[in-house]
Amino acid sequence: MSSVKDWAAPNPVTENRSGIIGKGVDRYEGKLKVTGTAAYAYEVEPPSPPAYGYLLPATIARGRITAIDTAAAEASPGVQIVWTHLNVPKQARRGERANPRSQRASNPALAGDRVEFFGQPVAFVAADTWENARAATHLIQVDYAVEPAVLDFRASLASAEMPHGEEDVRIGDFDGAYAKAPVQIDETYFSPIQNHVQMEPCATTAWWDGDKVTVHTSIQMVKGGQHALAETLAIPSDRVHLLTRYIGGGFGGKGQSYDDLTLAALGAQALGRPVKVAYTRQQMFQATIHRPAVSMRVRLGAEPDGRLNAFAVEAVTHCARNAPFVEHAANFSRNLYAAPNRLTGHRLVKMDIPAAGPMRAPGEASGMLSLECAMDELAEKLGIDPIELRLRNEPDVDPETGKPFSIRQLVQCLNTGAQRFGWERRNPRPGQVRDGRWLVGMGMACAIRGNFLLPAKAGVRIDADGTVTLRQGMTDIGTGTYTILAQITAETMGVTMEQVKIELGDSDFPPAPGSGGQFGAATAGSAAFEANMNLRKALAELAIGDPNSPLYGGDPTYVTFGNGNIAIENRSESLGALVARAAPEGVYVEGSITPAADARDYSQHTYGAHFAEVGVDTVTGEVRMRKMFGVFAAGRILNAKTARSQVTGGMIWGVGTALTEGNVVDPRYGSFINQDMAGYLVPTHADIVDLDAIFLAEADDKANPMGIKGVGELGICGAGAAVANAIYNACGVRLRDYPMTPDKVLEGLMAKGL
Amino acid sequence: MKTTITVNGQARALDLDPRTSLLDALREHLNLKGSKKGCDHGQCGACTVLVNGERINACLSLAVMHDGHEVTTIEGIGGEANLHPMQQAFLEQDAFQCGYCTPGQICSAVGMLKEAADNWPSQATEDLGAAIALTDAEIRERMSGNICRCSAYPQIIAAIRDVAGEVA
């Protein structure tokens, strides 16, 4: 196993001789996306005209199907398949894993008469047209025996239990220190269920060729999807060819496959023709995973100078009865502020709603909404500026583990941001700044998000025309993977971006873990880098061993790559000429990355600081963004343009979190009340004014060979809390119940007589 | 039901189930898959196309209602070899991430600029008697029917600004 020390040596990416690394180049696949020619899963051209599938969702939260009448659907025009749990083709039992190396277990569709959540698919229709499939689906009559269901999270907090295999983390004596603390904060914050609302609903196009199935599906993890389908169909995974070239947003919600994948594959097999299946927008809300609600109690015990002595962050959250998942909303706080006496932990309520799961920055995104407001409340109580309070609690080493930080520029983020945003304009007394009927205020919050490196592989070939093609079972969900892999490849091989081809999203390619946990760029990128380094080595050997090469007999340690050439000092030839002559069939090599054995000897995170300015309408209680600015430190930045888009996108998710986003479970039926984009309000153009972000210069040589870290999730972490703190500074109404909709703000304003 | 629609300048004769939306006619019958289905309920704007020069949500309209109409989709706005200035600006400003809302955003932006040039007011218009000044607030208001969950909103406004020029 490697060591982080191996990563400290200079390499082509860190030396960046052509200057491609960090440059804000246009997206590799950008022209396809702006012309509408990038084919998403439902749009791929199958080998013959497809049949169209449609799913029928359950209308109860928990119970049993007692009868299904499919006669009318079967007699409906164009119908080719009507499946229920009574006649769906045999699949492996849920959770079975015939191949122990499979990353996912079987996940059968229409598996039985049990209903576990409102919206669970209970029947499937395929027809010659989508219109016929939809019409027939709605002719199916289902009778249920309804059973009692747990549907109200806030009413069930008392039943919360310790998650399996977990325990609280206690350091020092929290209870004793808190009791003695001269200044105390003890508040509970609530963040609701949120939905990913990817623009592209889940979709699959499937067809069979003999005993092998090809599926184009919208998923973040190539191997996960391939293995889940193979286990479900009880076939070896090499008989599932999964492709996912373009993905219309994932955000964690497409980290797993859903019934569209299984039923498209089964349907195509049964009909002997391609089948396409997509979820409707309503099914996306009702039948895919969501971010669970969190009720978070925060207790802070401080000295009068602001130093924290006691610190407790305790989360209660929920998951589906049969799909264990813990939203680790307290974990981030273990690495953020110094305090000798600490308590953090989680409790879980089991509910009868769809499975909870990861959504952009699981843990931090909801967790930071509480502590970063509690710190604001403490700052006010102490009469200390909220930035100064953070500075006084900045740890020298990781506050829980005592490990050194790989690099930590949180203080620099705070100071740079305060200056760039104009924090000195803020009046610390709330409710003092008026603009007509608006009260105006500013707030800030910190951002922290872990950095991860997972094992990955990549393959790269060079052809006789000098084209370098990188292939990886990786995905680009809008994050910029295609582009940064092209930059890494071009810089490492010393060729132009135009000479590089990137091919992703194919289960036949060397595997990478996919997109998630903001590990994508570091993980896939490092494997790509290693593959390119191996290609350099192979080409150097090729040239030195070829009597017809000007490099013949040279010393391989002096070989350089640049301007499309391979050279030793002034002896050089083009890569294309070398390959065309010495290896006309091309040269292909692979490379891989694994986490360093000692990487976890360091506390390694990405950091940032958010600054927000809002106006609060004193008549309606409406909150409008006026300005938002973020400063982030996340290792070496590979592409200034796409990285900035990632963090500003995350910040806007924070605005939605603070002001509009949240779902509510109907206590009668277990359905989500907000089941479309008119009910679940994500930010739109009109909501976002004057929002920008910058990155601090950084390289984290403990992270990976390139010193890069993730940026996809950092931007949302803490962003909503900055907005909430700005609302308080604007009008003096302290809300602890997200989202901060006009009804809640107005109630607060009226209580203050404003 | 027989319908003829002029799509991107070409008359296309169709024989459609009358329940077929304009969006599905484009995607499933004319192989023009650039217009996207994000919600099928007129809430997200990913299916925005121009009909007789004006933007509509293609999912909220039945194809047979458009007999004799001229429809412009993203494929008709510009291709890889001849990008429309709006497509070029989206590319340069990084005004998209996953790309799924992008064709709708671009069609919407092109239609929106014409509406403003034709002096159609919006909720952000302060003086209904004066010529429209295309402020950022005007652009944001007029583009709010096009949701981008990746949240490239600042970059989209910058791209539209590149094409529209600065406010006089």
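**View 1. Strand 26 (residues 623-633) and strand 27 of chain A run as a parallel pair.** In this predicted model, the two strands are joined over five bridges. Strands are DSSP runs of E with at least two residues, and helices are runs of H or I with at least four, both numbered from the N terminus. Two strands pair if DSSP finds at least two bridges between them. Gly630(A) sits opposite Ala693(A) of strand 27 of chain A. Strands of a sheet pair through backbone hydrogen bonds, either parallel or antiparallel.

**View 2. Five strands of chain A form an open sheet.** Their order is 16-17-25-26-27, and the pairing is mixed. Strand 16 (434-435) and strand 27 (691-695) of chain A are the edges. Each has a single partner strand, so one side of each has no neighbour in the sheet.

**View 3. Chain B meets chain A.** The contact takes 46 residues from chain B and 46 residues from chain A. Two residues are in contact if their C-beta atoms, placed from the backbone, lie within 7 Å. On the side of chain B that touches chain A, the elements giving two or more residues include helix 1 (22-29), helix 3 (85-93) and helix 4 (102-117) of chain B. Helix 3 of chain B gives the largest share, four residues. By class, this side of chain B has 19 nonpolar, 14 polar and 13 charged residues. Ala, Val, Leu, Ile, Met, Phe, Trp, Tyr, Cys and Pro count as nonpolar; Asp, Glu, Lys and Arg as charged; the others, Gly among them, as polar.

**View 4. Tyr153(B) lies in helix 6 of chain B.** Tyr153(B) counts as buried because it has 28 C-beta neighbours inside 10 Å. The cut-offs are 20 or more other C-beta atoms within 10 Å for buried, 12 or fewer for exposed, and partly exposed in between, with C-beta atoms placed from the backbone. Leaving aside neighbours within four places in sequence, Tyr153(B) is in contact with Ile652(A), His685(A), Ile688(A) and Cys148(B).

**View 5. Chain B has domain 1 (2-77) and domain 2 (85-164).** These bounds come from an automatic or database domain assignment. The C-alpha centres of the two domains of chain B lie 21 Å apart. Their contact takes 16 residues from domain 1 and 15 residues from domain 2 of chain B.

**Notes.** Residues are numbered from 1 along each chain as its sequence is written, and chains are lettered from A and ligands numbered from 1 in the order written. In this predicted model, local features need pLDDT of at least 70 and side-chain atom pairs count only at pLDDT 80 or more, while totals for chains, interfaces and linings use all residues.
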